Amino acid sequence: MAALDRTLERIEGPVVLVGHAYAGAVIAGTRDEKVRGLVYVAALAPDEGETVAEVFYRAEPHPQASKLAPDNHGAIWLPDNAFAEAFAQHASTDEQSVLAAVQRPIAAACISVKVGRPLWKDRPSWFLVAEQDRMINPDTQRFMAERMKAKVRSHQVDHTPIVTAPGVVVDIIRDAMRAATALRTEGR
């Protein structure tokens, strides 16, 4: 969260934040006034008082999803086979190899902290539901999108549409940017 806030300090003008997976919880944690909208791409959006883990495990995981557990240092890594089986099943073998090689772990502690008031309660939001997601159950995605009153797009994409269907992701981001620009023009 601190890294996001430091980055936002350096930006002038309105901002639309985009979060994928765990980053959905991160973008909702800022209170920066420059943020005019939030875009969730197959992302997690816990409500006030919830943890990321509670939302993630709200529904039964897909049978091909890897069981996630921290290593000896408290970091959660996806096993290499998870990229072909659940994380990016529509990606090429080369893309899956790159995703596995550049992955960054999540600290187990991050997913067990109750979040404060999420920014999506105070800003417009958009949600791309990945109907073929094997990491975050699509029913969970629809539940989160509905309760946050997000503008929803649903597509037959896997968990990583930024890799496997980038046009779909770009379109929803552009919609959010147009809305943010309209708000700025209206003086809000």
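A nonpolar core is a set of buried Ala, Val, Leu, Ile, Met, Phe, Trp, Tyr and Cys residues joined through side-chain atoms within 4.5 Å. Keep that in mind as we walk through this predicted model. Its largest nonpolar core has 27 residues, and Leu-17, Leu-38, Tyr-40 and Phe-127 touch the most other members. Which elements give two or more residues to this core? They are α1 (2–9), β1 (15–21), α2 (23–27), β2, α3 (52–56), β5 (125–130) and α6. Strand β2 gives the most, with four residues.

Let us stop at Tyr-40. Leaving aside residues up to four places away in sequence, Tyr-40 touches a list of residues that includes Gly-19, Ile-27, Trp-120, Phe-127 and Met-148. There is also a second, separate core of 14 residues, and among its members are Ala-42, Trp-126, Ile-172 and Ala-176.

Most residues other than glycine have a negative phi. Ala-42, however, has a positive phi, near 45°. This residue lies in strand β2, which covers residues 35–43, and Ala-42 counts as buried because its relative accessibility is 1%, below the 20% cut-off. Lys-149 also has a positive phi, near 60°. Is Lys-149 buried or exposed? With 71% relative accessibility, Lys-149 counts as exposed, and you will find this residue in the loop between α6 (138–147) and β6 (151–155).

Now turn to the aromatic rings, where the structure holds three pairs. In one of them, the ring centres of Phe-56 and Tyr-57 are 4.8 Å apart, and the planes meet at 85°, so the pair is edge-to-face. Phe-56 is buried at 17% relative accessibility, whereas Tyr-57 is partly exposed at 43%. Another pair joins Phe-83 and Phe-87: their centres are 5.1 Å apart and their planes are at 65°, so this pair is edge-to-face too. Both residues belong to helix α4 (residues 82–87), where they are four residues apart, about one turn of the helix. Phe-83 is buried, with 2% relative accessibility, and Phe-87 is buried as well, at 13%.

Rings can have charged partners too, so to finish, look for two of these arrangements. The charged end of Arg-58 sits over the ring of Phe-143, 3.5 Å from the ring centre. The ring of Trp-126, a residue we met in the second core, has the charged end of Lys-151 over it, 4.6 Å from its centre.

How values were computed. Residues are numbered from 1 along each chain as its sequence is written. This is a predicted model: local features need pLDDT of at least 70, side-chain atom pairs count only at pLDDT 80 or more; totals for chains, interfaces and linings use all residues. Side-chain values use heavy atoms; hydrogens and water are left out. Buried means under 20% relative accessible area, exposed over 50%, partly exposed in between (1.4 Å probe, protein chains only). Contact means heavy atoms within 4.5 Å. Rings of Phe, Tyr and Trp (its six-membered ring) pair if their centres lie within 6.5 Å; planes under 30 degrees apart count as stacked, over 60 as edge-to-face and the rest as tilted. A charge sits over a ring if NZ of Lys or CZ of Arg is within 6 Å of the ring centre and within 35 degrees of the ring normal.
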